[in-house]
Amino acid sequence: MAALTEEQALLKEQASTWASEEAPVAKFREMRDSGNELGFDKGTWASIIELGWPGIVAPEDAGGVDMGHLTFGIVLEELGRQLTASPLLASGLIGVNALVIAGSDDQQSHWLPKITNGTVIATLAIDEGPRHAPFDIALRATPKGDGYVLDGEKVHVLEGASAGLFIVAARTAGEPGDANGISLFAVPGDSAGLTRTPLTPTDSRGYANVSFGEVQVGPEALMGNANDASPQLEIILDRARAGLAAEMLGVAGQSFDMTLDYLKNRVQFGEVIGSFQALGHRAAALFTELEMSRSCVEAALTAIDEDSEDVATLCALAKCKAGELLHLATNELIQIHGGIGMTDEFDAGLYLKRARTLEATFGNMAFHRDRYAARVGL
Amino acid sequence: MAESNAEIEQFQAEARAWLDENFPASLKGRGAELISGEFVDPSAGEDFKRWCQHLGDKGWGTPTWPTEYGGGGLTQKQAGVLQKEMSRARAFNPIPLMAGMGITMVGPTILEYGTDAQKAKHLPPISRGEVFWALGYSEPNAGSDLASLACKAEDKGDHWLVNGQKTWTSGADRAQWIGCLVRTDTEAPKRDGISFLILDMNQPGIETRPIKLIGGASQFCETFFNDAVADKDEILGELNGGWTVGKRLLQHERQSQTSAGSGMGGSSRLSLQELAERYVGRDAEGRIDDADLRSRLAKHLMKAQAQRLTIQRITAEARGNAKVSAAASILKNAAASVVQESSELTLEMMGHQGLGWEGDPFESHELEAVRNWLTSKAVSIYGGSFEIQNNIIAKNILGLPENTQRG
């Protein structure tokens, strides 16, 4: 764990206690079993708003506390441990950052207070195909009058069923695959022509495919300049990836703790199984990966806060290493628990499923390895 | 504890002025060239000797050691500033390498466990790089199971009489002193009958024989003790408490291995990126022209960066705390794997040119790469093997129980 300020240490303690007491994995299971279409419990989300976490990286004049991304990461990690389901990452991290980075003063003063006080859930609508490809954008925004008409499809949008604000990456010039010609629009969720198809995903969280059928928006919806939003989009995505990586660290950490606990208590052949060297060494390898990934995730979050030159490299590193770690940690969670790990009654499956989604979101390991390679001269 | 910025700035100015005055211009940027491995190029000359003298006088060869024992008496933070100023001036500190195991391992352990007399006797010559230290731990039948060591020291009233054999004693053939784990009680359970004994290497009872390794000549030796003697007051720490002292020393070893390669003013070797460009080439879009290799190189460089970031994180967390972090054990395996993977990738990229043993058809950096690849195999064996490190993590850090079936 990074050397924390007193404020950060307190917040970590608060988040840890709150998540394990008020929003533990049992509550997530309850939400899943209830067939909840939103993918989160409204009461849990209300508590998170009460705690002020949607405003952790938002400016103070917009109802936020501007405490930075390492701080946000601390909270996301603690919630990740309990699989606490909420729109915090989509709205409080990605939505807020999209507005802070690409939004005009008017857009910020209109939307940010609503996001920080929880009256609006914001999200980023980017991917259109099965794999993350930020420039493969075909959704068109065509000028009409003094505004635009949006036409196209977005898939697997985080909190797509509940979002009241979609930050939409649209093509205003060029062809799918071009980095140039992309623009960002702030599109209200109740716009005419916008239809959502909620998904039933393996991790039971809230995603939707969103169709934009000739959705008309006014000039106030365009964020920044037309056609050249890619650099800003990259910054927004990197912050999203670092936040995801922090959550992944929490999911992996809890998976590891559960595995370790089982190693210390399960008896076979008359011995506690953790005393077998073959298993002890796997635990040691897992612990090593956990420590290495933590360093990467904390470095990426800190780099964002310090606005360092190597933010993009470190975010690619963090997302990829957290992916490797989480893949290993959740597979070992199941394998070392044996048969019990395969039962739905035990929590291992919930962690495995969440791991898979987190790994695929905003670029999987291969995606980030390629990005990292390009950035370090390979 | 924490110094103010003004104090740090004042120290920085002092360090800069001292380096300007005392570091010979003729040695600028030549650290890596003059000192390879643990050997100082004999042609280093008078300026080099003078520089060592200045460092010794000032105590800045061992900047954080107490001044009364030849150190610089600096805080960790000041030592960090000094290191930065040294690299700015393209200066280097050769003292640690000239003392063998003296500065990285023996010194800190003597500081912790030594009597005042032992500190006064042994530390000042180490801090000046005047004496080379070896360590006698492993024996032919005591490797990973170090506690079963048999080399014994008998109490002969006014001295210790030592008989037995040590192996993998790095630099023993040119060492003036050796710190040995010896058996002083043959009746006690094996870990409880061991002491840490310091011996003068310059005596007829000690013989050394160099060991040739798969990579050619090495600094390792076998060391034989036939009625060798040691002064009565040369036990470091408690009598029969050598296991604790010895383990502590290994923690210092692991820490120094983890940060090895830093501080000598950079390496002349090519980066993996440069090697890939040279031996493999790039495609039209500028990518390394072998997708599989490129992906594995990226994975490797990510692991290496994760390892460096972990050292930085642990250093930051431990700032102001002199204790060796428990995570040092994690770093040793991680560092070993990075070094070994890097040397394998290097040879793979070089193709046929990475298969030479000696001779003109191979460039010197190619031959060096082959030797480094072979030498790197030792990294996961010495100082506690990969497997022993994992045992330590499982047992000491994760708290997993010991198997009752194990000895």
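1. Chain B is assigned domain 1 (5-97), domain 2 (133-240) and domain 3 (269-397). These bounds come from an automatic or database domain assignment. Domain 1 of chain B and domain 2 of chain B have C-alpha centres 32 Å apart.

2. A word on the source. This is a predicted model, where local features need pLDDT of at least 70, side-chain atom pairs count only at pLDDT 80 or more, and totals for chains, interfaces and linings use all residues. Residues are numbered from 1 along each chain as its sequence is written, while chains are lettered from A and ligands numbered from 1 in the order in which they are written.

3. Chain A is assigned domain 1 (6-120), domain 2 (123-228) and domain 3 (231-375). Over C-alpha atoms, the centres of domain 1 of chain A and domain 3 of chain A are 21 Å apart. Their contact takes 22 residues from domain 1 of chain A and 26 residues from domain 3 of chain A. Two residues are in contact if their C-beta atoms, placed from the backbone, lie within 7 Å.

4. Which elements give two or more residues to the domain 1 side of that contact in chain A? They are α2 (25-33), α4 (69-81) and α5 (88-102) of chain A. α4(A) gives the most, with 10 residues. Helices (H or I, at least four residues) and strands (E, at least two) are DSSP runs, numbered from the N terminus.

5. Now the chain contact. Chain A brings 32 residues and chain B brings 33 residues. On the chain A side, α8(A) has the largest share, 13 residues.
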